[in-house]
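Please look over the structure shown below before turning to the briefing that follows.

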Amino acid sequence: MSRMHLFAAPVLAAGLAFVAAPSASAAATATISKAEYDLIKLGTTTSKMHSIADSGACKLKSSEASGGVSYRHYECKGNKPYSSASFDFVNGKLEIKGQFYLDGVESNGKMTRTKYGKIKVGSTITQMHETAGKGTCVRVAQTLSRTDSMSIYNCEQATTFGIATFLFENGKLTIRDQSGLR
């Protein structure tokens, strides 16, 4: 398993927790927007993160220190339904960040089995968009570190339920899956 997969696991778990258990009082809590998430750059400090995100949007979920290295994990409630962000700091600097559904965009429903078949492992994100068509594939998750990136795109079919999911690592398609496409 790659180092990026190890880093992405907590981010994916945090995002799924938000999806699986939305809070009844979610509307009253502070949130983070996609624009705020984008302003929080790798290498920034926790105080800078807190100054950019809504006050109270990001909560410390775990903190450890060992052998001169400190680690802090923050989870943030997103401003879109079921959205979230997470930030991992090592020795006070942001090393990994991730987001789920902050883009707030939905697929136009124009995915087909034929288009899916043309999007092969090794394709780029641009090639996926060119093949599927504008607005068909939308990013639903993203994780960034200083050395790696990972993005997940969903592409829906509107006429009967069908969906394709693509996982890109460092801009290249590594895993693809579909269900119900015609």
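**The largest pocket and its surroundings**

In this predicted model, 15 residues line the largest pocket, and Tyr101, Gly104, Val105, Glu106 and Val140 are those nearest its centre. A pocket here is an open set of points on a 1 Å grid over the protein atoms alone, where a 1.4 Å probe fits and protein lies on both sides within 12 Å along at least five of seven lines, and lining residues have an atom within 4 Å of a point. Residues are numbered from 1 along each chain as its sequence is written, and side-chain values use heavy atoms, with hydrogens and water left out. Because the model is predicted, local features need pLDDT of at least 70 and side-chain atom pairs count only at pLDDT 80 or more, while totals for chains, interfaces and linings use all residues.

- Two or more residues of the lining come from each of β5 (137-145) and β6 (149-157), where strands are DSSP runs of E with at least two residues, helices are runs of H or I with at least four, and both are numbered from the N terminus.
- The element that gives the most to this lining is β5, with 3 residues.
- The space in the largest pocket is about 290 Å³, a volume being the space filled by probe spheres set on the grid points, which are joined across faces, edges and corners.
- By class, the lining holds 7 nonpolar, 3 polar and 5 charged residues, with Ala, Val, Leu, Ile, Met, Phe, Trp, Tyr, Cys and Pro counted as nonpolar, Asp, Glu, Lys and Arg as charged, and the others, Gly among them, as polar.

- Ser107 is placed in the loop between β4 (93-100) and α4 (113-118), and its relative accessibility of 13% makes it buried (buried means under 20% relative accessible area, exposed over 50%, and partly exposed in between, with a 1.4 Å probe and protein chains only).
- A polar atom of the Ser107 side chain lies 3.1 Å from the backbone nitrogen of Gly109, and the side chain of Ser107 also reaches the backbone nitrogen of Glu156, at 3.2 Å.
- Beyond its neighbours within four places in sequence, Ser107 is in contact with Gly135, Thr136, Val138, Asn154, Cys155 and Glu156, where contact means heavy atoms within 4.5 Å.

**Aromatic pairs**

- The whole structure contains 4 aromatic pairs, defined for rings of Phe, Tyr and Trp (its six-membered ring) whose centres lie within 6.5 Å, with planes under 30 degrees apart counted as stacked, over 60 as edge-to-face and the rest as tilted.
- In one of them, the ring centres of Tyr74 and Phe89 are 5.7 Å apart and the planes stand at 85°, so the pair is edge-to-face.
- Because Tyr74 lies in strand β2 (residues 69-77) and Phe89 in strand β3 (residues 84-90), this pair ties together parts that are 15 residues apart in sequence.
- Tyr74 is buried at a relative accessible area of 5%, and Phe89 is buried at 1%.
- The rings of Tyr153 and Phe168 also form an edge-to-face pair, because their centres are 5.7 Å apart and their planes are at 85°.
- Tyr153 belongs to strand β6 and Phe168 to strand β7 (residues 162-169), so the pair ties together parts 15 residues apart in sequence.
- Tyr153 is buried with a relative accessible area of 8%, and Phe168 is buried with 1%.

**Tyr71 in strand β2**

- Tyr71 lies in strand β2 and is partly exposed, with a relative accessible area of 26%.
- A polar contact of 2.8 Å joins the side chains of Tyr71 and Asp88, a polar contact being a pair of N or O atoms within 3.5 Å; within protein, one must be able to donate a hydrogen and the other to accept it, and residues adjacent in sequence count only if both atoms are side-chain atoms.

**Positive phi values**

- Most residues other than glycine have a negative phi.
- Tyr101, in the loop between β4 and α4, has a positive phi near 60° and is partly exposed at 33% relative accessibility.
- Asn170, in the loop between β7 and β8 (172-179), has a positive phi of about 50° and is partly exposed, with a relative accessible area of 46%.
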